[in-house]
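Please keep the sequence and the coordinates in view while reading.

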Amino acid sequence: MFGQEGCRLRLEWGDEGVTTLGGLCAVLVIVDVLSFSTAVDIAVGRGASVRPVRWADREGAARPADASWSLRPSSLVDLPAGTELELPSPNGATLCDLAAGTESIVLAGCLRNARAVALAARELARGGPIGVIAAGERWGVHLNSPTRAHRGPLRPAVEDQLGAGAVLASLLGYGSASVEACLAAEMFARSSVEDVLAGCVSGRELITGGHGADVALASRVNVSTAVPRLVDGVLRG
């Protein structure tokens with residue numbers, strides 16, 4: 001029952017969610033709104049590509065040609081077409097790499113490209129189940145401290161449930177949806193997206209750190225037609 005079998009639309013969280021739904025679902029959509037999936041959407045929308053790097057492997061990742069390019073979506077708004085960017089993150093990138101080991105097609109979704117990703121997932125699934133993975137965060141991760149590699153227990157993140165709900169809201173009608181999937185879609189339908197992202201813990205952390213532009217970019221809904229798909233370890237449009 002933990003694979004939500006019998007439902008064509010499913011929702012789970014984090015590493016364990018990928019392990020549970022991977023292979024059972026024809027398509028997995030990884031949602032990490034603040035900030036990996038949003039950064040990927042912007043990069044792919046500009047004709048670039050992203051190689052997700054597990055957080056544990058980040059020290060071995062190639063340095064970007066431009067040191068200003070990073071996980072921050074606002075740093076990528078002028079990313080040149082054709083760039084392949086190695087992007088480590090403790091949540092979205094790690095989950096994409098984990099999902100690559102399953103038999104599922106892997107897409108990266110966020111609020112910006114929710115409808116486009118949902119339409120692509122429907123086509124690619126060919127009637128099979130679609131699983132949406134809300135990344136959440138991990139306690140104990142310190143992005144600015146490279147000596148701290150620990151990834152603790154999952155902290156469900158409201159922005160990722162909202163982003164997952166945006167994808168699922170565009171999939172309702174595809175087939176039966178699990179209770180988890182239905183509630184995420186309902187949450188999205190009833191929410192003021194900008195208020196949620198600015199008021200949630202992750203959004204407040206970014207805004208306090210001077211990165212309000214990243215929250216603003218992540219808050220825009222269905223403004224992108226980019227559909228990042230993981231092929232041979234790289235997310236491309």
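Ser104 is buried, its relative accessible area being 9%; here buried means under 20% relative accessible area, exposed over 50%, and partly exposed in between, with a 1.4 Å probe and protein chains only. The model is a predicted one, in which local features need pLDDT of at least 70 and side-chain atom pairs count only at pLDDT 80 or more, whereas totals for chains, interfaces and linings use all residues. Residues are numbered from 1 along each chain as its sequence is written, and side-chain values use heavy atoms, with hydrogens and water left out.

Ser104 belongs to the loop between helix H3 (92-99) and strand S5; helices (H or I, at least four residues) and strands (E, at least two) are DSSP runs, numbered from the N terminus. Residues up to four places away in sequence aside, Ser104 touches Leu21, Gly22, Gly23, Cys25, Ala26, Val27 and Leu28, where contact means heavy atoms within 4.5 Å. A polar atom of the Ser104 side chain lies 3.0 Å from the backbone nitrogen of Gly23, and a polar atom of that side chain lies 2.6 Å from the backbone oxygen of Cys25.

Cys25 is itself buried, with a relative accessible area of 2%. For Cys25, the nearest cysteine sulfur is that of Cys7, 10 Å away. Cys7 is buried as well, at 18% relative accessibility, and its sulfur is 8.0 Å from the closest cysteine sulfur, in Cys182, so the two are too far apart for a bond.

From the loop that holds Ser104 the chain passes into S5 (105-109). In S5, 4 of its 5 residues are buried. S5 pairs with S2 in the parallel sense over 5 bridges; two strands pair if DSSP finds at least two bridges between them. Within this pair, Val27 stands opposite Ile105.

Helix H4 (residues 114-125) has 12 residues and reaches 16 Å from its first C-alpha to its last, close to the 16 Å expected, which is 1.5 Å times one less than its number of residues. Its buried residues are Ala114, Ala116, Val117, Ala118, Ala120, Ala121 and Ala125. Their cover includes strands S2 (27-31), S5 (105-109) and S6 (130-134), together with helix H5 (158-169). Just after H4, Arg126 takes a positive phi of about 50 degrees.

In soluble globular proteins, nonpolar side chains tend to be buried together. The largest nonpolar core here has 37 residues, and those with the most contacts inside it are Leu11, Val29, Leu111, Ile130, Val132, Leu168 and Leu197; such a core is a set of buried Ala, Val, Leu, Ile, Met, Phe, Trp, Tyr and Cys residues joined through side-chain atoms within 4.5 Å. H4 gives the most to this core, with 6 residues. Apart from it lies another core, of 31 residues, among them Ala39, Leu95, Ala135 and Ala226.

Neighbours within four places in sequence aside, Ser74 is in contact with Ala213, Asp214 and Leu217. The side chains of Ser74 and Asp214 make a polar contact at 2.7 Å; a polar contact is a pair of N or O atoms within 3.5 Å, where within protein one must be able to donate a hydrogen and the other to accept it, and residues adjacent in sequence count only if both atoms are side-chain atoms.

Notes
Disulfide = S-S within 2.5 Å.
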